[in-house]
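Please brief me on this predicted model.

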Amino acid sequence: MSDEENADVPPEEATPEESGDVEGETEADNGESENAVDSDQAPPEENGSRPSSAPPPVEEVVVPVPVPLTAADVAAGLSQLARTSEGISHAFVRLEIKSKDVTEIDVLENYPHLRFVDISSNKVESIKGLNLLNNLIVVNVSNNALATLDLSRKAYLQILNASNNRIAEVGSLDLPLLRELNLNNNQLASLPSFAKGVALPVLKSLELRSNKFAETPALDLPSLKSLWLAENAIKTAKDLGTLTGLETLHLRGNQLATLDGFDGLASLTHLNLRDNQITDFAEFEKLKVIPNLKSLVVTGNPFEAENPRLEVLIRLPTLKKLDKEEVTEEELAEAAQTKKEREALAAAEAAAKAAEEEALKAEAADEEEQGLPEEGEEGEGQGEEGEEGEVEAEPEAE
């Protein structure tokens, strides 16, 4: 289903025709030019001096040439004629300008009736040209060169895709109908503007994959249902308790070794912890604070146990799915039996240890009670032996 099909058109506007918004994807060109340098020195001349070396070539700095969007470009990209919001005329409401190397879109200020704008896969550095477009419903600015995301109030905007840019900062957004926000593959390390009072009251889906978060960000998003934080550098889960309506949380491909910080997620049913750094199965005991957790993904962690699935089910027997596979009754029975046997063994070992400690205490008490021989008693015995020796020695003297 396309973004436009997901978006609800304001009551006073015509229903848009079905059309798929395609999120452009480009791969960064990581190639680097290399200049060969001859390090060999020239032979000395007859007089012993060396010839002067030529100065190194000066690399030419290529300054990007601005490519502003023109009225002719806009005319070529317009489609979908619809009644305007005033209801007294018609205008084109859809614009698609993709893969044109456009860097500036200021001309769009002259097209206030646009509702669906796709300028993906260009080189746009600023979207201030959208600030006067108050009828926007779906905007795709993915695969551009944006460093910040700052958009004026848009009363009808429902879907915003700003993935695959260079965004390191997001300004205060006032988007009362926004339901989906995609910020994947950017440079975000924090989202302070989302921590408190952000005007995104109905946001349901937030995608933050492949950014630079070291911990889960604080988010004041009461309606959020799905949060994607995969492929970051997250070592700590925190500030999640405010997301009381969150149902799905993706933390795949991070650096979590412990599982603290999941308190307050009363509605969470699915948690993806694949490809993290969890080694101790006791950490999964901490997830019992999530009362409705039914689906968990943990594959790809550096477990050493022979049967990691069994170890997880021993600690979280209420799961319905583990690593995307249904949990069977047989598995739950085996987990329960294994847990029972381990508890019995642990109890026996504890009892044996306690008995051993009691025995050692009793032995120590006996030794203390009996004590060692006193010095006086030992001396008297030696004296008697001495007297007997003297009596026996007298006949020999006679």
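Residues are numbered from 1 along each chain as its sequence is written, and side-chain values use heavy atoms, with hydrogens and water left out.

**Helix pair α3 and α4**

- Helix α3 spans residues 308-315 and helix α4 spans residues 329-370. Helices (H or I, at least four residues) and strands (E, at least two) are DSSP runs, numbered from the N terminus.
- The two helices pack at an angle of about 75 degrees, with axes 9 Å apart. Axes are lines fitted to C-alpha atoms, for helices over the stretch in contact, and angles run from 0 to 180 degrees between N-to-C directions.
- α3 and α4 are therefore roughly perpendicular (65 to 115 degrees).
- On the α3 side, the contact uses R309, L310, E311, L313, I314 and R315. On the α4 side, E331, L332, E334, A335, T338, K339 and R342 take part. Contact means heavy atoms within 4.5 Å.
- By class, this contact has five nonpolar, one polar and seven charged residues. Ala, Val, Leu, Ile, Met, Phe, Trp, Tyr, Cys and Pro count as nonpolar, Asp, Glu, Lys and Arg as charged, and the others, Gly among them, as polar.

**Burial of α3**

- Seven of the eight residues of α3 are buried. Buried means under 20% relative accessible area, exposed over 50%, partly exposed in between (1.4 Å probe, protein chains only).
- The buried residues are R309, L310, E311, V312, L313, I314 and R315.
- They pack against β13 (295-297), β14 (321-322), β15 (325-326) and α4.

**Nonpolar core**

- The largest nonpolar core has 77 residues. Such a core is a set of buried Ala, Val, Leu, Ile, Met, Phe, Trp, Tyr and Cys residues joined through side-chain atoms within 4.5 Å.
- α3 gives the most to this core, with four residues.
- F194, F262, L271, F284, L287 and L296 have the most contacts inside the core.
- L296 touches, among others, L271, F284, L287 and V312, not counting residues up to four places away in sequence.

- N143 has phi near 55 degrees. N143 sits in the loop between β4 (138-140) and β5 (148-149), and counts as buried at 6% relative accessibility.
- S210 also has phi near 55 degrees. S210 lies in the loop between β9 (205-207) and β10 (226-228), and is partly exposed at 26% relative accessible area.

Methods: This is a predicted model: local features need pLDDT of at least 70, side-chain atom pairs count only at pLDDT 80 or more; totals for chains, interfaces and linings use all residues. Angles under 35 degrees count as roughly parallel, over 145 as roughly antiparallel, 65 to 115 as roughly perpendicular and the rest as oblique.
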